[in-house]
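The entries follow the order in which I looked things up.

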Amino acid sequence: MKNSKLVQYYMLGKGCFARLPELLEQREKATSLSGSVLVIDHFFQGKNILDLSFLSSADLVIWADTTHEPTTDYVDELADKVKASLPRPSAIVGIGGGSALDIAKAISVLLTNPGKSAEYQGWDLVKNPPVYKIGIPTIAGTGAEFTRTAVLTGPVKKLGINSDYSVYEQVILDADLLKTVPHEQFVYTAMDCFVHNCESLLGMQNDAMTIAMAQKSSDMIKEVFLGEMDHEKLLIASSMGGLAIANSNVGICHPFSYGLGYVLGLHHAFAICVAFNQLGEYYPEVETFKKILHKNNIVLPKIITDGITSEQLDHMAELTLMNEKPLSNAFGPDWRNVFGKDRVIELLKRM
Ligand code: NAD
Ligand code: ZN
């Protein structure tokens with residue numbers, strides 16, 4: 001039986017971002033350290049959306065460039081920057097979507113553990129407790145604010161730093177921070193959550209708690225995208241989806257998205273949509289997913305076209321099949337007998 005680590009504290013409500021200074025002050029008092037590191041999605045740079053007037057010269061702001069999803073090299077570079085100017089912060093705050101939240105998690109690990117981030121990609125490789133961290137999502141869906149992974153694209157593959165040390169100590173859920181998300185981005189990132197839920201519900205590694213959270217999370221996503229937009233509901237759906245997936249595993253769709261993302265540079269949530277759209281034989285909820293896209297005016301382009309070489313296809317299939325844990329969650333320990341390379345390439349060609 002798993003022993004699941006959870007976020008210690010969360011705060012929920014419009015405007016609760018304003019409580020961040022108070023939390024940081026408490027932290028400074030408790031640690032006798034001064035200065036925090038704020039890793040903020042570059043979307044907010046130069047805009048008057050976040051009130052950062054509480055920052056002092058002791059604090060360090062890192063504007064995270066999320067044009068591309070985080071790589072191990074980029075995270076190492078940022079961690080070196082932090083080590084050079086504020087090596088012992090009282091806290092690290094991640095503010096943004098899944099990318100910025102994961103970058104902040106990885107930096108918090110690298111400040112107390114030697115070496116490079118790629119050395120920690122895998123399961124339970126982090127040895128020393130990281131710097132205390134606060135996660136503040138500004139897009140809903142990945143659930144990164146509640147999971148025990150920091151997903152990074154490394155030299156060989158995309159893989160998370162999966163560790164209890166990747167769990168935020170404090171989360172702030174303020175729907176006001178989501179106001180500027182473009183509608184299309186809302187749908188894509190929320191579909192990542194919807195797919196996490198489907199994979200966790202139909203996988204073999206779930207439990208009764210996971211099932212309850214994944215079901216409720218999916219219900220809320222349907223209410224929002226087939227009914228009325230509600231940012232707070234989306235934040236809650238994302239949190240519950242994160243808790244559900246943290247306690248189970250992804251399935252068939254995520255391995256495809258990792259291959260598509262790595263070889264073609266597609267963003268995670270978009271790659272998830274492209275893959276899930278063709279997985280109706282495995283997931284009945286693909287029908288609902290298609291309804292959601294239709295209702296929200298999203299038409300997915302065909303990605304695997306004549307321009308893709310057979311080497312690229314082969315590479316994507318290899319990367320898909322490297323995901324042993326998710327595939328055994330989906331099909332059981334003998335997954336190789338039912339899900340081979342030919343099948344993967346056949347499905348890829350439809351995407
Ligand atoms: P993202 O963080 O990559 O951001 C997408 C875009 O939205 C960026 O251009 C960003 O600048 C912009 N943005 C962020 N907040 C905004 C706001 N409030 N208004 C307007 N624009 C805003 O997107 P995402 O889908 O949240 O995250 C994807 C990443 O999360 C991937 O790297 C994926 O691998 C990772 N992920 C992590 C977990 C986990 O458990 N750690 C789970 C799923 C996905
Ligand atoms: Zn995902």
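Conventions. I worked on a predicted model, in which local features need pLDDT of at least 70 and side-chain atom pairs count only at pLDDT 80 or more, while totals for chains, interfaces and linings use all residues. Residues are numbered from 1 along each chain as its sequence is written, chains are lettered from A and ligands numbered from 1 in the order in which they are written, and side-chain values use heavy atoms, with hydrogens and water left out.

Ligand 1, shell. I found 29 residues around ligand 1, the closest being Asp41, Gly98, Ser99, Thr147 and Thr180; a residue is near if one of its heavy atoms lies within 4 Å. At least three shell residues come from each of domain 1 (9-178) and domain 2 (183-350), with bounds from an automatic or database domain assignment. Helices H3 (98-110) and H4 (183-202) each give at least two residues to this shell; helices are DSSP runs (H or I, at least four residues).

I noted the side chain of Thr66 with an N or O atom 3.2 Å from a ligand oxygen. For Glu69, a polar side-chain atom is 3.5 Å from an oxygen of ligand 1. The backbone of Leu177 places a polar atom 3.1 Å from a ligand nitrogen.

Zinc ion (ligand 2). I listed Asp192 (OD), His196 (NE2), His254 (NE2) and His268 (NE2) as coordinating the ion at 2.1 to 2.2 Å; donors are N, O and S atoms within 2.8 Å of the metal (3.2 Å for Na, K and Ca), and sites may look incomplete without water. The donor residues are spaced D-x3-H-x57-H-x13-H in sequence. His196 lies in helix H4 and His268 in helix H8 (residues 268-276), so this pair ties together parts 72 residues apart in sequence.

Terms used. Polar contact = N/O pair within 3.5 Å; in protein donor to acceptor, adjacent residues only side chain to side chain.
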